[in-house]
Amino acid sequence: MTRWLLLCAGAALLGASTSDDEVTYREHIAPIIARRCLPCHNVGEAGAFPLTNYTEIRRRASLIRWVVMAGSMPPTKVESDVHPMTAGYLSDEEKVLFQEWVRTGMKERVNAPRPAPPAPMAWRMETPDARLKPREKVDVAAEGTPYRRLFVLDPELTEPKQLAAFDVRPESPFAVRQAWVAVVRKGDDDFAETQIFRREGLDSKALVGAWAPGYPHWQSETGITLQPGDRLAVAVLYQPTGRAEPAGFELGVRYASADTKQVSWVRLGRAEGTLAPGDGVQTLHDEIVLDRDRRLRGFIPECREFARQVRVLAVEPSGKRQTLLRINAWDVNWIGAYQWPESIPLAKGMRVRVEIDYDNSGHSAGGRELLPIDPVKFGPGMKDELFWVHLQFD
Ligand code: HEC
């Protein structure tokens, strides 16, 4: 006990006197955490606990070091040659800094300015014009695998409005992993989940966009016109946490003045086929040649357990390729909301190409033990694979 106290006192003393080349919390670690972790590990966010100050981070330093070195946090493995999309990976330098910080006693450096505490989680968007809530009070299942549940919300419009942005605030942030939003048009009285969120893939015509923790809210430069009587369908992906948590949420929406310009979704991929069992990676691809200058804002990939990597590429007529986004280590339980902060201008004649790597080799991957070794079908069945990528053009 005495020895432990002495060690602590020693560490505190060291914390007060750091030299310039030392790795310290205030100078090196706080900015990394703010950029890479706070989108989810802020108070009231999806992460398991807040990481908002020295004490909270120091207390969990060895666990944090473990997840950082193993690459399991942040859970979103996205990279771009063009435009970063979200927090993303830690760079090798950042990992080294973290490693070094823990090794040298997690110094705070008290003579550098204390980082401002992050603002607690609020709407990611400007104050919404309307906030919609489901009427039904339900709980997230306590046990089991992640599952989706559908809610239909009525914005009660009396005149047409242009839906330009939305954001989601879950009551139990820790239990909500993702949400898709789509429009249910007036008069579609036998609307059923299967129409929009079909098992063989989302219906691009109805699609508004996706939301996920750690990503900016959905927005568009053009928007989608809602008519009086139209409603919004929200399919929420829940992650059971071991307790029954309230499943409620608020959908915040922002309207722009009604306009004839519309978001357009283009669906690439295919409905059928099989993934032969075998060694190694099999890549499926599809592409669209742009018949005019267009602005690509984001995309929604639909694939499942056998997918490993998703890529969206811009290919010039010369054949030069740029990776607009690469999702490494695809994980169905961590599907992001893939939108760039600004839309990417692409010239007429360029191709947008989507590629998904699948692995049906029966090897375990990403901690999941795959069942050997049958052909995998693409199709509408629960066990079937999917190959769809919906591109959002502004
Ligand atoms: C996209 C959201 C998101 C981001 C970004 C994120 N986390 Fe997490 N983190 C979570 C969630 C959600 C959990 C709860 C674990 C789970 O359900 O998988 C978690 C769990 C953890 C855990 C506990 C792991 C365990 O095994 O108990 C640690 C440690 C952690 N995060 C550290 C970090 C660090 C450090 C960063 C930044 C480098 C980070 N996280 C970035 C969402 C995120």
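Biologist: Which residue in E10 stands opposite Ala165?

Modeller: The residue opposite Ala165 is Gln219 in E10. This is a predicted model, in which local features need pLDDT of at least 70 and side-chain atom pairs count only at pLDDT 80 or more, whereas totals for chains, interfaces and linings use all residues. Residues are numbered from 1 along each chain as its sequence is written.

Biologist: How do you know that strand E5 and E10 pair?

Modeller: Two strands pair if DSSP finds at least two bridges between them. Strand E5 (residues 161-170) is joined to E10 by five bridges, so the pair meets that condition. The two strands run antiparallel. They belong to an open sheet of four strands in the order E2-E13-E5-E10, with antiparallel pairing.

Biologist: What makes strand E2 and strand E10 the edge strands?

Modeller: Strand E2 (130-132) and strand E10 (218-226) each pair on one side only. Neighbouring strands of this sheet are turned by 40° against each other on average, direction ignored. The axes used for such angles are lines fitted to C-alpha atoms, for helices over the stretch in contact, and angles run from 0 to 180 degrees between N-to-C directions.

Biologist: How many strands form the open sheet that contains E6, and in what order?

Modeller: Four strands form that open sheet, in the order E4-E11-E6-E9, and the pairing is antiparallel. Strand E4 (147-153) and strand E9 (207-211) have a single partner strand each, so one side of each has no neighbour in the sheet. From one strand to the next, the twist averages 20°.

Biologist: Why is E9 described as largely enclosed by the rest of the structure?

Modeller: A residue is buried if 20 or more other C-beta atoms lie within 10 Å of its own, exposed if 12 or fewer, and partly exposed in between, with C-beta atoms placed from the backbone. Five of the five residues of E9 are buried, so the strand is largely enclosed. E9 is joined to strand E6 (residues 176-184) by four bridges. Ala179 stands opposite Trp211 in E9, and Ala182 has Leu207 as its bridge partner there.

Biologist: What makes Leu90 count as buried?

Modeller: Leu90 has 20 C-beta neighbours inside 10 Å and therefore counts as buried. Leu90 is found in the loop between strand E1 (78-79) and H6. Residues are in contact if their C-beta atoms, placed from the backbone, lie within 7 Å. Leaving aside its neighbours within four places in sequence, Leu90 is in contact with Ile32, Arg36, Val68 and Lys95.

Biologist: Which residues have the most contacts inside the largest nonpolar core?

Modeller: They are Ala179 and Val234, in a core of 94 residues. A nonpolar core is a set of buried Ala, Val, Leu, Ile, Met, Phe, Trp, Tyr and Cys residues joined through C-beta atoms within 7 Å. E6 gives the most to this core, with seven residues. Leaving aside neighbours within four places in sequence, the contacts of Ala179 include Val168, Trp211 and Val234.

Biologist: Which residues of helix H2 are buried, and what covers them?

Modeller: In helix H2 (residues 25-36), the buried residues are Tyr25, His28, Ile29, Ala30, Ile33 and Arg36. Their cover includes helix H3 (38-41), helix H4 (54-59) and helix H6 (92-103).

Biologist: How many helices and strands does the protein have, and what share of its residues counts as buried?

Modeller: The secondary structure comes to seven helices and 23 strands, where helices (H or I, at least four residues) and strands (E, at least two) are DSSP runs numbered from the N terminus. Of the 394 residues, 37% count as buried.

Key
Contact = placed C-beta atoms within 7 Å.
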